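These are my notebook entries on one structure, written down in the order in which I looked things up.

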There are 2 protein chains.
Amino acid sequence: MNSKIAILGAGGFIGTNLAQRLAGEVADLRCFGRRQDFPSMWQGLNWISGEVSGGEVVRTISGCDTVIHLASTSTPATADRRIADDAEFNVIDTLKLLDQCVEAGVSRVVFISSGGTVYGICDRIPTPENTPTNPITAYGVAKLAIEKYLAVYRHQRGLDYRILRVANPFGPFQTSRKGQGVVAAVIASALHDTTLQVWGDGRVVRDYVYVSDVVAAIVKSLDHTGDSRIFNIGSGKGHDVLQVVHAVEALSNKKLRLDFRSARPVDVPTSILDAGLAARELDWHCAVDFEAGLANTLEWMRAFEARPSGQL
Amino acid sequence: MNSKIAILGAGGFIGTNLAQRLAGEVADLRCFGRRQDFPSMWQGLNWISGEVSGGEVVRTISGCDTVIHLASTSTPATADRRIADDAEFNVIDTLKLLDQCVEAGVSRVVFISSGGTVYGICDRIPTPENTPTNPITAYGVAKLAIEKYLAVYRHQRGLDYRILRVANPFGPFQTSRKGQGVVAAVIASALHDTTLQVWGDGRVVRDYVYVSDVVAAIVKSLDHTGDSRIFNIGSGKGHDVLQVVHAVEALSNKKLRLDFRSARPVDVPTSILDAGLAARELDWHCAVDFEAGLANTLEWMRAFEARPSGQL
């Protein structure tokens, strides 16, 4: 394990899980972000507040071997509303960050890309990494542009990288507040007895991957030495929204009220990743299946919601 | 032919040629750019000065059916020096422009991409459009990102587009001053008896396409109605730098002095495009071969250089 690692965008869903996992293993772990979604989780950890484009990031990455870049200011649904702003805050700020990484002598950047959006609507399902990348959302293009720029930084400036094209992650520390995850939204509806908005007919299929598996993939990517630099991280299985609803209904013993809305043009009909390359190259395998992950998540969210302050 | 067309970045090499060609054919032709490289060519044409990101562009595209986007602030060699700035001035400014196009009700954007850089180092030569796009330069990534965003604007906002991945264009109105073209640099060395700097061993192979053919491809793309939206525009033939030098030496009856420098990491070894799709879909064919184009270009440059003011 590398001795000095910075996590950028550490305060969010994946970052909070990753920091807990790395806390005991990395000698010098620096956790950087705009804010902590779960402030109580950061006791005893080295937290630095700041923007990816700001001056604090220089101090954060100084002396680090590896920078894990999770920071993002948008979701697939929000990016398309203001495309230029989204590109500015995600693509341009990442380029400024990469310049700082080169300057600071960082060896490797691990970037979390979006397996659910970079491919767009494609024929090959499950989808392997060498499938043409034709996103239908600005969110997907921004991720893809960063991927392509990473290759240029390596070619021109010697900054190595690994890219994880993560499917739809779910699990503890994902909340429905940010509009991030279908699973979180469905569970929240069950716990709060609120109506669930469903875009389209509920047949949009996604590849849900449990967050501890995503964290495991990030850890594996830190030391990977092969020639492959882009890895799909997904379960290889698909569930549509109605299947998620029915699974949560069965676990929670509740019947959800659904409000079907018009389909959104940002949604590809089906996204299921082929993660065979990660299996071969990173020895990574999906350890938590959908049902077990969903049960864990429901349990976590119940405990989270039960706290008076809404904080763990 | 569409009745109202705006050319953005009209003052440069391709734009100047294109405006001359469209001048008599388009009822309302608006030529927009930061500056005119050849001021004397614009008499009688509708010229508007401005930046692509500025307010003047709104007035320029207002009421236009088609916007031809040639504006670019960098070259493959310059983009990599300041990658974030390059992305800001090219990608972000283009996104702001596309927002303006949607707002103004423009039907189609024709974008000139870079056939020589979007593919990167590839195995398939000549290279067809469906080859994986892995640029090794920031210039290529910026062009590719714009291509991908164009698809999103079409999908989400109904703005149609055509993309021409042009190989290495050469011909009249290309000068060596902007560091743009190998042919212009070689001819300038011959005319001025100056030493020619050659990066690497002179074996870098490029697909040179004469500018009147590029202009013809742009014209064909204005009305194209098929499903294909990305077309390679190249000759399908390769010449290395030393072959260009020898051809110019033979035409000019001079012997050039070469100064071999280190190879540049921005140069792919070989770029030759397969333009079969443009032949089938646009009925476009390379009409001017390399030798004829070179003779025309030498003649034009001699006449240009002979003017006391350095102006046509």
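**Helix α1 of chain B**

I began with helix α1(B), where I found F13(B), I14(B), G15(B), T16(B), N17(B), L18(B), A19(B) and L22(B) to be buried, a residue being buried if 20 or more other C-beta atoms lie within 10 Å of its own, exposed if 12 or fewer and partly exposed in between, with C-beta atoms placed from the backbone. Helices (H or I, at least four residues) and strands (E, at least two) are DSSP runs, numbered from the N terminus. Eight of the ten residues of α1(B), which covers residues 13-22, are buried, so the helix is largely enclosed by the rest of the structure. I then asked which elements the buried residues of α1(B) pack against. They are β1, β2 (28-33), β5, β7 (168-170) and α7 (211-222) of chain B, contact meaning that the C-beta atoms of two residues, placed from the backbone, lie within 7 Å.

**Conventions**

I note that this is a predicted model, in which local features need pLDDT of at least 70 and side-chain atom pairs count only at pLDDT 80 or more, while totals for chains, interfaces and linings use all residues. Residues are numbered from 1 along each chain as its sequence is written, and chains are lettered from A and ligands numbered from 1 in the order in which they are written.

**Strand β4 of chain B and its partners**

I next looked at strand β4(B), residues 66-69, from which T66(B) and I68(B) point one way and V67(B) and H69(B) the other, all of them buried. Strand β1(B), residues 4-8, runs parallel to β4(B) and is joined to it by four bridges, where pairing requires that DSSP finds at least two bridges between two strands. Within this pair, I5(B) has T66(B) as its bridge partner. With β5(B), residues 108-114, strand β4(B) also pairs in the parallel sense over four bridges, and there I68(B) stands opposite V110(B).

I68(B) came up again when I listed the contacts of I7(B), which, leaving aside neighbours within four places in sequence, are G15(B), L18(B), A19(B), C31(B), F32(B), I68(B) and L70(B). In the largest nonpolar core, which has 190 residues, I7(A), L8(A) and I7(B) touch the most other members; such a core is a set of buried Ala, Val, Leu, Ile, Met, Phe, Trp, Tyr and Cys residues joined through C-beta atoms within 7 Å.

**Chain A as a whole**

I counted ten helices and 13 strands in chain A, and 51% of its 312 residues as buried.

**How the two chains meet**

How many residues of chain A are in contact with chain B? I found 25 residues of chain A in contact with 25 residues of chain B. On the chain A side, α4 (83-104) and α5 (138-157) are the elements that give two or more residues, and α5(A) gives the most, with ten.

**Backbone details**

The peptide bond between I125(A) and P126(A) is cis, with omega about 0°, and the bond from I125(B) to P126(B) is cis with omega near -5°; P126(B) lies in the loop between β5 and α5 of chain B.

D283(A), not a glycine, has a positive phi of about 55° and sits in the loop between α9 (276-282) and α10 (290-306) of chain A. Is D283(A) buried or exposed? With 9 other C-beta atoms within 10 Å, D283(A) is exposed. F173(B), also not a glycine, has a positive phi of about 80°, but F173(B) counts as buried, with 23 C-beta neighbours inside 10 Å.
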